[in-house]
Amino acid sequence: MNQAGWLVITVSNQSGIARGLYDATAYAAVQGRLVELLAARGARLDGAYFCPHHPDFTGPCECRKPGLLLFREAQAALGLDLARCVWVGDRRSDIAPARRLGGRALLVETGSGGAHAGKARALGVPVVADLTAAAAEIVRGG
């Protein structure tokens, strides 16, 4: 848990592994860098969950977002109250689990978020500029 009492986890689709674009070791290196960047800001990554599959290469799976398996695993491992979680992402598949599991969703406009912003707003999901703005929104409680 971070100094402010927040748990920070990542849940991501990493279809590049199934497609042979990179391997799990490369993904782990990126996660390691994320841990370093968070630590420099006084935060900690409490868990990282990823789906290495792609339906066209490995067939369907339950862990690929917007599937709920990885979120359920995080819930069990960390004792999360999913209704109190904030779901942040740049795609509808990132924020869709919030609608099914409870909690709040925020869409960031960086990455693919700009293309999904209109649909997110239509669903009542707040759209923020980037992860810094998302963090500020979460801390503010807005």
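Predicted model: local features only at pLDDT ≥ 70, side-chain atom pairs only at ≥ 80, totals over all residues.
**Exercise 1. Find the aromatic pairs, and classify the geometry of each one.**

Step 1. A search of the whole structure gives two aromatic pairs.

Step 2. One of them is formed by Y27 and F50, whose ring centres are 4.2 Å from each other and whose planes make 40 degrees. Planes under 30 degrees apart would count as stacked and those over 60 as edge-to-face, so this pair falls in the remaining class, tilted.

Step 3. Y27 belongs to helix α2 (residues 24-40) and F50 to strand β2 (residues 47-51), so that the pair links distant parts of the chain, 23 residues apart.

Step 4. F71 and W87 make up an aromatic pair as well, with 4.9 Å from centre to centre and 65 degrees between the planes, and this one is edge-to-face. It also links distant parts of the chain, since F71 sits in helix α4 (residues 69-78) and W87 in strand β3 (residues 86-89), 16 residues apart.

**Exercise 2. Decide for Y27, F50, F71 and W87 whether each is buried, partly exposed or exposed.**

Step 1. The cut-off for buried is a relative accessible area under 20%, while exposed requires over 50%.

Step 2. Y27 has a relative accessible area of 7% and is therefore buried, whereas F50, with 28%, is partly exposed.

Step 3. F71, at 6% relative accessibility, counts as buried, and W87, at 7%, counts as buried too.

**Exercise 3. Work out the strand order of the open sheet of three strands, and place the helices that pack on it.**

Step 1. The order is β3-β4-β5, and the pairing is parallel.

Step 2. Strands β3 and β5 (127-128) each pair on one side only, which makes them the edge strands.

Step 3. Strand β4 (residues 104-108) is joined to β5 by two bridges, and V108 has V128 of β5 as its bridge partner.

Step 4. Helix α5 (residues 92-101) packs on this sheet and touches β3 and β4, with its direction at about 160 degrees to that of β3. Helix α6 (residues 113-122), for its part, lies across β4 and β5 and runs at about 140 degrees to β4.

**Exercise 4. Describe the largest nonpolar core and the surroundings of W87.**

Step 1. In soluble globular proteins, nonpolar side chains tend to be buried together.

Step 2. The largest nonpolar core here has 21 residues, and W87 and L107 are those with the most contacts inside it. At least two residues of this core come from each of β2, α4, α5, β4 and α6.

Step 3. Apart from this core lies another, of five residues, including L106, V108, A134 and I138.

Step 4. Leaving aside neighbours within four places in sequence, W87 is in contact with several residues, among them F71, L82, I95, A98 and L106.

**Exercise 5. Locate T10 and list what surrounds it.**

Step 1. T10 is part of strand β1 (residues 9-13).

Step 2. Not counting residues up to four places away in sequence, T10 touches Y27, Q31, L34, L45, G47, A48 and Y49. With Q31, the side chain of T10 makes a polar contact of 3.4 Å.

Step 3. The C-alpha atoms of T10 and G89 are separated by 9.9 Å, although these residues are 79 residues apart along the chain.

Note on methods
Residues numbered from 1 in each chain as written. Heavy atoms only, no water. Phe/Tyr/Trp six-rings, centres within 6.5 Å; stacked < 30°, edge-to-face > 60°. Helix = DSSP H or I, 4+ residues; strand = E, 2+ residues; numbered from the N terminus. Buried < 20%, exposed > 50% of the residue type's maximum accessible area, 1.4 Å probe, protein only. Pairing = 2+ DSSP bridges. Contact = heavy atoms within 4.5 Å. Axes fitted to C-alpha atoms, helices over the stretch in contact; angles between N-to-C directions. Polar contact = N/O pair within 3.5 Å; in protein donor to acceptor, adjacent residues only side chain to side chain. Core = buried A, V, L, I, M, F, W, Y, C linked by side-chain atoms within 4.5 Å.
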